[in-house]
Amino acid sequence: MYTRPLARLIEELQRLPGIGSKTAQRLALHLINRPAGEIEALAKALLEAKQTVRHCSICFNWSAEDPCEICRSPQRDPSLWCVVADVKDLMAMERTREFKGLYHVLGGLISPMNGIGVDQLHIRELVARVAREKPQELIFAISPSVEGEVTMHVVKDYLKPVAPTLRMTRLAFGLPMGSELEYADEVTLARALEARQEL
Amino acid sequence: MSGRTYRVTGINLKGIPLGEADRIVTILTRERGLIRAVAKGSRKQPSKLGGRMEPFVVNDLLIVQGRWSAQTETSQRLQRIVQAETLQTFPRLSRSLAHLTAAQYLAEVALLLALPDQAQEELFVVLVEHLERIERAASERAVLPLLTHGLYHLLALAGFAPQVNACYFCQGELVDSVFFSPQWGGLVCDPCRVAQRPGPIAWVSASALCALGSLPNSTLPLPEDSLPLAAWLEAERLLRRVLEHHTDREIRSAELLASCYAVPTANGQGSPAFPEGHSKEWASA
């Protein structure tokens, strides 16, 4: 139906997450209609990102430079770290503009069913980094799921022997801002009750 | 609409992300066996489905069947969860790696044994019962016997339970050297091993024999600490071979099981208390 290069473009776009055949067709036809300069810039940006972006050797954030911008920044508080499962979570934390410390990206959550254990995550690297740099507090910003909870417990157990005085905290869990109590699910409500605070 | 909706009670066994904010949940239901359904928006904040779609949550669900053409593959025929009311949760399964590994292990076994579109009340009840027991286990050490027990009961439901109290061939008492054949499904005494040559076979230690012997009971009669962990790991591994023999699939959670029971060695490195290649490994008789 489509000429060969266009069909190939649609096929490639279809491989992207969340893009089905209709969206791929729409995107491909849109791209073809754009000026050549714009398409070149897009292709160049794709290639450059792929060739230069690497994991930061310290915190495992994505970065074109090693160490990453956050690890190099003198404005950051080196005594306060935030442990996240994924770079997307790091970005969510950064969007708050409240956190001024450093990060450590674990690269996922422990999931025996998917064959992900301690060795598949950056847990040993975190232990070595804590022993070396001796932060004062670690904040676990990890999604409150069964796998998230277990990952936190395991990391805590690994860190206790090397840093017995390290303060380890986790984000509060419970009801989201602007939500209505009557529509909250029982699991969330039970956890909110468990983590209630003094007025 | 009522013709296309139905109500079931089920436990979430597995969830995979779908698109931006949705999730496909695999649920073992009492009334219809294994079903896969989409929980729209369950990864988004705030969502009333959110917490209810986590693994190991038992819900009363209202499900709407999708419309699909006759050519649509079975795997593509997704239904949608429109309402969920939580009946039971297992929050303490997240207290240790061993608790989670054991729970996911049993969930994987249930996923292998469950059939779609068929009432499987017994499988549902047995799985929930064993998850409750694992959740109640006070220590990581106590989890392993409970996992092995749960595995045996799930195998028994599927009709794969191995013979664990007498020789499979002669039904005789087990004395001296005892062997285990996953292919024949059970223990084999030494004379029968020589006479019958039952294919790949493993030698069974006395403590593992004791562990295996206690499994047909509805509860474990032995105090948790009377048998070494190695015996339970060996019993679990033998039962796993039976499951793998019948289903031709591996249990991924089992890979992490050994690391849950790591013991410090002289060089300070943790190593599995009972490595995979323990004792006299599978030999052809």
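Domains and chains in contact

Colleague: How many salt bridges are there between domain 1 and domain 2 of chain B?
Modeller: One salt bridge, counted when a side-chain nitrogen of Lys or Arg is within 4 Å of a carboxyl oxygen of Asp or Glu. This is a predicted model, where local features need pLDDT of at least 70, side-chain atom pairs count only at pLDDT 80 or more, and totals for chains, interfaces and linings use all residues. Residues are numbered from 1 along each chain as its sequence is written, chains are lettered from A and ligands numbered from 1 in the order written, and side-chain values use heavy atoms, leaving out hydrogens and water.

Colleague: Which side chains meet in that salt bridge?
Modeller: B:E121 and B:R30, at 2.3 Å from N to O.

Colleague: And where do the domains of chain B lie?
Modeller: Domain 1 is 2-89 and domain 2 is 93-284, with bounds from an automatic or database domain assignment. In chain B, 17 residues of domain 1 are in contact with 22 residues of domain 2 (heavy atoms within 4.5 Å).

Colleague: Switching topic, what area is buried between chain A and chain B?
Modeller: About 2,000 Å², with 67% of it from carbon and sulfur atoms; that is the accessible area (1.4 Å probe) the two parts lose on being put together, summed over both. A:P112, A:M113 and A:V146 supply 35% of what chain A buries against chain B, more than any other three residues.

Colleague: How many residues does each chain give to the contact?
Modeller: Chain A gives 23 residues and chain B gives 28.
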